Amino acid sequence: MKKVLLFGVCLALPALADFTPDSHAPAGVMYDHLHKQGEWMIGYRAMHQRFDDIRHGGGDVGRADLVAAGYSVAPTNMTMTMHMLEIMYAPTDDLTLMVMPQYMTMDMTMTPVGDGGHGHGHGDHGDADVHHGSHSHAVSGLGDTAIAALYRLGRIGDQEFIGTLGVSVPTGDVHKKNADGTFMHYGMQIGSGTWDLLPSLTYLGRHGDFSWGAQTGAVLRMEDSNEAGFAFGDRYHLTGWGAWRLASWVS
């Protein structure tokens, strides 16, 4: 099971008075708004994820399945927290530039399966006699940095389209190792290690106190492997949202 908590705040200069509580999409949506010429915005986002179960396809994976597959230990939970700073500047009314550095922290708790972690075939990786009980490991550091340009493609009345082209710079570490010197698995590495393309298309609409939007985008890996010898797969997303302004300060 995956649990996600999102939080975001922003400060825009000099036009803070022009903001309404529905000026932005929900905290999990990026690249959803432009600024007026000369405006700056500084924002902060936090995301916390927790994973509690092991699954294969649509079903849970039990200890017996792990033993049969040859594994000696299994994760009981994993948490990831991301802190992201957004720095935005608009050289024109139709173009907004954006830089987003981030800081990552991750930790995972492991527990033995089967007979307590002794000898279960190919899954041991030589450490079956090392872990005799639950143990944890954690990593933290600067993650990848996104640089993006948002451009207004067109506007019809209270509806508009925004196109975004971004690049993820591999500033996050992909060489994290365990205490015994072995390579920490891919999900616990701080960054992707590859230059990634970040395109998206956003549609926004408004009628009276009701506003809505939709966005489609992707993370496209531009390299077959990073310095550590691996690469993550491409990612695609499609999302939509709606908001009703209840008062001048809440929606």
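Which backbone oxygen lies 3.2 Å from a polar atom of the side chain of serine 192? The backbone oxygen in question belongs to threonine 194. The structure is a predicted model, in which local features need pLDDT of at least 70 and side-chain atom pairs count only at pLDDT 80 or more, while totals for chains, interfaces and linings use all residues. Residues are numbered from 1 along each chain as its sequence is written, and side-chain values use heavy atoms, with hydrogens and water left out.

Serine 192 sits in the loop that links strand E10 (159-169) to strand E11 (196-207); strands (E, at least two residues) are DSSP runs numbered from the N terminus. Its relative accessibility is 4%, so serine 192 counts as buried (under 20% relative accessible area, with exposed meaning over 50% and partly exposed in between; 1.4 Å probe, protein chains only). Neighbours within four places in sequence aside, serine 192 is in contact (heavy atoms within 4.5 Å) with Asp144, Val174, Arg221, Asn226 and Phe232.

Turning to the strands, E7 (residues 102-112) has eight of its 11 residues buried, so the rest of the structure largely encloses this strand. Strand pairing requires that DSSP find at least two bridges between the partners. E7 runs antiparallel to strand E5 (residues 73-92), with 11 bridges joining the two, and methionine 106 of E7 faces methionine 80. Eight bridges, again antiparallel, pair E7 with strand E8 (residues 135-142); here methionine 108 stands opposite histidine 137 of E8.

Beyond its neighbours within four places in sequence, tyrosine 31 is in contact with residues including Met98, Met100 and Leu150.

Aromatic pairs (Phe, Tyr and Trp rings, the six-membered one for Trp, with centres within 6.5 Å; stacked under 30 degrees between planes, edge-to-face over 60, the rest tilted) number eight in the whole structure. In the pair formed by tryptophan 40 and tyrosine 89, the ring centres are 4.7 Å apart and the planes at 40 degrees, so the pair is tilted. Tryptophan 40 lies in strand E2 (residues 40-51) and tyrosine 89 in strand E5, so the pair ties together parts 49 residues apart in sequence.

Key:
Helices (H or I, at least four residues) and strands (E, at least two) are DSSP runs, numbered from the N terminus. A polar contact is a pair of N or O atoms within 3.5 Å; within protein, one must be able to donate a hydrogen and the other to accept it, and residues adjacent in sequence count only if both atoms are side-chain atoms.
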